[in-house]
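Subject: Handover of the structure

Dear colleague,

I am passing the structure below on to you, together with some notes on what was found in it. Please read the notes with the structure open beside them.

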Amino acid sequence: MADITDITDITDIIEQENESNEMILSMGPQHPSTHGVLRVVLKLDGEIVTDLDCDIGYLHRGVEKICEHRNYQMIAPYFDRTDYIAAVSNGLCYVETIEKALNLEIPLRAQYLRVILVELNRLSSHLLWLATHALDIGAVTVFLWAFREREEILKIFENFFGARLTCHAFRIGGMTYDAYDGFQAQVKSFCDRFPKCLEDYETLLNTNRIWLSRTVGIGIISSDDAINIGLTGPPLRGSGVEWDIRKAHPYECYSDLEFDIPYGENGDTYDRYLVRMEEMRQSRRIILQALEKLPDGEVMAPKAPKTVKPPIGEYYHSIESPKGELGIYLVSDGSAQPARLRIRPPSFVNLQALRQMAIGHLVADVVAIIGTLDIVLGEIDR
Amino acid sequence: MYIYLLSAPIWFSKLPILKDYLDPMVLDYLVWPLVQIGLLLFVVLTLIAYLTLAERKISAWIQVRIGPNRVGPQGLLQPLADGIKLLIKEDLIPLKADKGIFIVAPIIAMVAALVSLAVIPWGAAWATISNIDVGLLFILAVSSFGVLGIILGGWASNSKYALLGALRSAAQMVSYEVPMGLALIGALMFTKTLALQDMVINQENLHIWNVLFQPLGFLIYLISGIAETNRAPFDLPEAESELVAGYHTEYSGFRFSLFFIAEYASMLIISAIAVTVFLGGWYLPGLSYILIPGSTLFVLASIGVFAFKTLVLLYVFFWLRWSLPRYRYDQLMELAWKWMIPASLANILLTATILVIAKEFGLIESQGNFLSISTAGYIFLIGTAFIITVPLTWIILGQINARSRDFNLREVEPLPMNRAKKNS
Amino acid sequence: MDLIWLIPILPLIGFLINGLLAKRFNFSEKLIGGVGVAAVFLAFLLSLVAFFNYSSWSKQPGNQAKPYISKTLTYTWIAGGKASIPINTVNTSNNTLEETSKNNIVDLSIRWAYQIDHLSALYALFVTFVGLLIHIFSIGYMHSQGGFARFFAYLNLFMFMMLTLVLGSNLLMTFVGWEGVGLCSYLLIGFYMTRKEAAEASKKAFIINRIGDLGFILAIIAIFSTFGTVEYQEIARLIETYPVETLGTFGVMSFISLGLFIGATGKSAQFPLYIWLPDAMAGPTPVSALIHAATMVTAGIYLLARMNFIFERSLTMMLIIAIIGVLTAFIAATIAITQKDIKKILAYSTISQLGFMFLSCGVGAFVAGVFHVLTHAFFKAQLFLGAGSVIHAMKDEQDITKMGGLKKYLPTTYKTMVISWLAICGIAPLAGFWSKDEILAKTFSSTIFHPVIGKFLWFLAFLTAGITAFYMTRLMALTFWSEQKFLGETASDGGETTDDSDKESKTEQHQGGGSFKIRAVTAGTINTESTSSKDPITSDRETNKSNAETEVIKEQRLKINLEPSVLVVNPKESPLLMTLPLVILAFFAATAGFIGLPIGYNWIENWLKPIASTDTHLFGTVDIILALVTMIWSGAMAYFAYHIYVKKPQIADDLAIKLKPFYQLSANKWYWDDLLDVKLASLINKFNNLLGEVDRFGLDAIPNGSALITRGVSILSGSMDRYGLDLLVNLIGWFTRVASVILRTFQTGFLNNYALVIIIGLVIIIVGLEYQAIQEFYVYLFPATPKITPTPTPGIK
Amino acid sequence: MINLLNHILLILLQSEAASSGVKERLLEGLFNVNINNFLVLSSLLFVIGIAGVLTRRNVIVIFMSIELILNAVNINLVAFSRYWFLQSEGKNAYMGEIFTIFVIVVAAAEAVVGLGIIIAYYRNKETVAVDEIDLMKW
Amino acid sequence: MRLVGLEAVIFYLFAVVAILFAIFMITARSAVHSALFLISTLVASAGLYFLLQAEFVAGVQILIYVGGVLVLFIFVIMLVNIKEEDTKIFNRQILIASILSFFLGLGIIAILLQTQKGNFFTLVSPLPPKIEQVQNSPNISQSHNISQNTIKIGQELYTRAVLPFEIASLVLLVAIVGAVRLARERKQEKIYD
């Protein structure tokens, strides 16, 4: 692990340029395949990456600082803007943290609805990942096919939340409103069609010789390294670690639902791809079960306070967001505003593996590896 | 000089105005070629414009979209709009660019692509502008010019991305030129000429398409041709996820459109050559029984046949582009040097051996510039091509390349397909 | 019949499959053997078909005595041009050759074509047949040995080469086959390449064969320059114009014959060049059977028979051939008496029999020679295979003095070998009798030389026949009949060994499984005293003790701490795959002689009439007597051998001691190997030393003397030098220094400057050489304004 | 007007139909290209190439000048090949062209090796100016 | 050999282009420009070959020289990436060298003149055989009587010139090996070894 802790400063890299005939290439922040405003400084020997460093912070908005000056209810929408791809998950994490602090029990229907929405959101996030990852590697058609399905989900979101991207309907203590008429039918019909679509993608990619040669053996990270770096989510599972917070520390009604955790073997890009594809299937399974079990009743806890003032103390809660473990650490001083709120963004932690994964590969592989990490800059920079 | 040119068809020399004022010789060797050239340029450029539309439409269909549909009925006027947009766009020349070369480069690319059109047999008889002795060589030579346009364009832009794209592109094109040329040699053994029109006539005489004799050659040619035109899955020079846009990053407006036209024109030419050499050109079995050979109608029909075959191949180009991911650069080079070139060499060797054997057994006979093949000869040649040449090359190359070192710097074992195990 | 080109090609295909694919794709032994055998089997079938087809074809009118040349696979191999070769005519008055003014226009190109005629049909048939049987035998023999595929590939390649040799339509093709079989022989002798003696034997065989091949090449060149062709058919046609060179004359025919004969000598292991054949037994036994007994070594006879029309035109060479043949036969037979290695005995026997064949050719009875080739191929192949079977059973032990009593262990092998033994001894109805007797009869009655020469040759051959019977019986006796000298497996722990050193004996597992070979380890016990003198082994050893060579071998054995002692094996009969060929071959060894019966219809003579016409020799009274005498003589010798080796073994030892000089002569192979190996080398060394001495004392005196003179002169010249020449030298040095200062300025190190200098040179050359041209050009560019020529002033004249 | 155009074009096409007077005059003048024209052209290219070799500092340009010289030679060879084709009725006619092919092949080989050397040199010395390449060994 | 009419016009066109661009080549400041000018000269030469009915040589010239060698040149120039603009492009001996070259040219032309004994521009060599008008025969299966240049060259190349042909292939092989060896970096060698 020495090479991970010994991260070279960017200025160091640039200074070394004149000493050897190695080339420094700055990728981003306006590069199409860095998924936002990530800047990766690559040290190249020919086309081989010998060292790299990430330069982040281009999208920093100071969310954590803002939170200290807002009421608890006012904070919630900010979370939709951190990981804007998985807004629902982020919202869930926040409200659950507060509910945990308040020790609030929420109605079962709200729990099931939340699970359905969060899993739908996982699907949409993974579909977007698949689309962009494939696009980075050059498979354009997958991009549009995946967007087609994502569009369906976004339509459901639009109907439910009134927004497509920054979806927000979770309140502390339940949900603002119940599901609209036909919600179940729409989700059901989507889930019925979805496996066929997945098969379509896999037909294009799974056994494609070019896809294999671009992904198999690229960006390998061992399970030990993955744990040491702190990877979570599909990158961790791709390395063969069977770890999912939904199973390990079940929240909401996940303990009532049946699903499997897919995990890989070699920890390469292809494994992570397979893991995510399988996760999509499992999400669909969860959604179908949840739809079946969806009880009637209230969606808002009756005991929910009007002004949220969690007891003095420190609280940490984490959920399995599509990207990994999303955690919130809250320090409450008993007032209506948090004393300190810290977000543990999965993308930020996962990005730390980039250096280890990419060194020794070619420049073109860096693109594939960034894609496989599935990072969102809004979350990294906060 | 004018031995390369073919005289005008009779109906042309009987056109009233021309006949009155111009000598028949002038008509044949100056006016008619100019007419042909003008017509061809018009048709080809229009075709290229509509190829862009076709590509967009086809990609849209593949991706379950509608595609351009706003300009004109079904978006049919879209190319026109695009053209006008490109033409009236501001013509940017980067400050630090090498101005002269920056201007000349797209012209070179364009010219290289268009000059080849002169020798392609678009149809029977008068539909060809010229049928020179070294037609195929000429096309290969001229298309090697295209590299210059790209490399100079990239260099003149004075931008790292453009230069890198240009170098990649040039290396790729130079590499794939080799198997492309070599793949044709196998077919040349059957046609016994380099003149393209004669090749078609040869295939007509044998009543067969060369692709049956040369399945491997055709495959190699097609793959190399796709790579040669920098199309997906070999569109490394334009890999936007890596290089933004490749060698023409700094180009815009009219000059960009020249590059664009050159790319499509070279696609067209690659397809046309494939059709001519491997797919019988304008020859369609049975056509000469329906129409009188040499008649105007026949010529028009042959043009139609040629166009149809070419368009089918172009469709394959589009199809591949929208269904395959992109190769990595080293994998692309590996494909060229470890697979394509040895395979094409093996193809040449095996084809020559098979021909010698066939000649030894009296299955084929050489009559001047033509081959005459007996029925058993057809079966033998086609059978050996499919049963021996293709699998043998495949096996041998597979054996050899399985042992050679991949450039993947981290070695991994080949993996089984479905490794995402479920937690049971 | 046009498929005869397939006969050689099929084994080639087998070779390609086994040689190229087998190792890569890990063929099973069954598959490899199957491929190898199938290729030869098909070739055999084809040659059978071709044989009968040709037989009927050649009976058609117009086809008599004509070879059939395959149309397929016939092409111009080496393209040549047209050339004219003077046609010779025979001056009938003094039987000499005269050149006429007429020229024969010939095409010098050489084609690759397979032909079949009476001789090659016969040869192809028995080559493929014996080859087939030996292939089958090999499957069993080579079972689970390393290099199975390699072995079969080589065997198939050998078949291809041999058939090319036989079926080629011209000498050059035969030569290709000739070299090819040599190559295969080399490869197969050295098959166990990790064994030193095998590697050396293969080299020896290869090199000695090269000596013969040189003669063959010279002969081919001579034929080519004489006749302008190397096609057999053409040579046979053109040779009509050449006269017979009588005894003592040595013309072009003799030269060609000599070359061919040297080639045949090398390949067929005749007198001076035979030494490679016994060593060649280092190869696997089937190889010895196929190549070094049945087929390849008879290529020499084939060549002789094929070119008989040339040999017949040189009586000198005929005599030489006959003498060499009979000498070889006699020497090899005498050597064979004392050998102990079963395969070496057979090898010397082969040499001896080949000598018979040469003798036969030498006296003009080519048919008899070929006949003997045929019969010999069967019984010798059988004997070799039987020996192989024995060796196989004895777990690679080849020393016959360590065997004995194998009769009860190997019944089939024994029975079949008895037939062959009788055949080679020349007992009446078996194959060997007919052919050998024919040779003897032809020799006795030969009239092409002086009749006395014929009688003398006959006598030697007659002696040899007896010796043959003796040593073959010895072989059989020691192997099968005498008391058992090894330990059966059951007796291995009984401690019956006579060796003192078995205390420290060490067992070593043999790969055959089940049986063990016990070897004594201790070095110190190896001396003559430690071995009992009861059995012939030790007596042989004692006699050999004085031999320096054996001492060397012993020392080597000491070094590796291994002394072969009494064997412990459990001989078992070989599997059916091996015994079947034995039986078949034995059958033919018994019956093959009937194709050449001297009474009634002599089929082989009729068949080979178009190739080599022999005077149809009727079986007269003399011959009957001769045959009887020979048979009795052979039988007596055989019984004698049986008596001394089986009945009373001590007689053999006594005889060996009594006839010590003869025994040693035989045991040391007439010292011929030593002569070549040691004596010749030491002779060369001595010659070198002599030259060195001459150099040291004779030639060195000259330099020494001259040195003395030089010293004196140098003192004189030194003084002159110092005062006179130094000045000059200094002057030169000074001049050089000045010049270099000037020249140095040119050596700028800049490429352009050098190029400039080159161009300056070029311009100077152009201006200098083409000054005229430049002037004209100047005039052309600037047309001359009329020069004002001074008008001659009047007054001056 | 169009007749005149027609006429000029016919002359250019050396058609028999053109009136002889004009044609002859034109032929006598400039429009008469024979082997000498090619030779002069080739010698001019040759001299230009030599001038390039002599004067340029950039070793790559010197290389290109050498290619130019070879090209001049090639023009000569092809012209003579054609000349012989007509003079000797096709005998030995193609040797010039074959020689040209060999020259091209050898030029390609030479360029490859030369450029390889230049790259190797540049990697060590970072210069391609020929007057800075003055060390035999480093 | 005599070119008249349109062919002569084309000859002069190509000749002038060739010479002009050759001069540009040796005087261009940028090496890339030089390469581009050289390409123009070579293409003009190829045109001349076409004019001389040496189609195969013309094709080979373009394919190998322009498509291969010159692309390689440009590659190397880009790799070496010389900043030529601010350094002087000619060496010190420019004056003497140009004068010398001029005289060399004059000398060579003078020799040419002399060999022609003054008939320099009026030398009449035989006109090429009149080429028949190529008609489109109604039977399209008939091949046109196009030039047999390629076939002839191929035959000569594989019969009379086969030894030089083989030697040329050997030269190319040596060149390939040499170039690979020269252009390899040590690091690459380490990777591959």
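Two residues are said to be in contact if their C-beta atoms, placed from the backbone, lie within 7 Å. In chain E, residues 24 or more positions apart account for 58% of the contacts with a separation of 6 or more. Please bear in mind that this is a predicted model, in which local features need pLDDT of at least 70 and side-chain atom pairs count only at pLDDT 80 or more, while totals for chains, interfaces and linings use all residues. Residues are numbered from 1 along each chain as its sequence is written, and chains are lettered from A and ligands numbered from 1 in the order in which they are written.

Chain E has seven helices and one strand, taken as DSSP runs numbered from the N terminus (helices are H or I with at least four residues, strands E with at least two), and along the sequence the pattern is β-α-α-α-α-α-α-α. Of its 193 residues, 42% count as buried, that is, with 20 or more other C-beta atoms within 10 Å of their own C-beta atom, which is placed from the backbone.

Turning to the neighbours of chain E, 78 of its residues are in contact with 68 residues of chain D. Among the elements that give two or more residues to this side of chain E are strand 1 (2-4), helix 1 (6-27) and helix 2 (31-51), but the largest share, 14 residues, comes from helix 3 of chain E. By class, the side of chain E that touches chain D has 59 nonpolar, 15 polar and four charged residues, where Ala, Val, Leu, Ile, Met, Phe, Trp, Tyr, Cys and Pro count as nonpolar, Asp, Glu, Lys and Arg as charged, and the others, Gly among them, as polar.

With kind regards

Notes. Buried ≥ 20, exposed ≤ 12 C-beta atoms within 10 Å, placed from the backbone.
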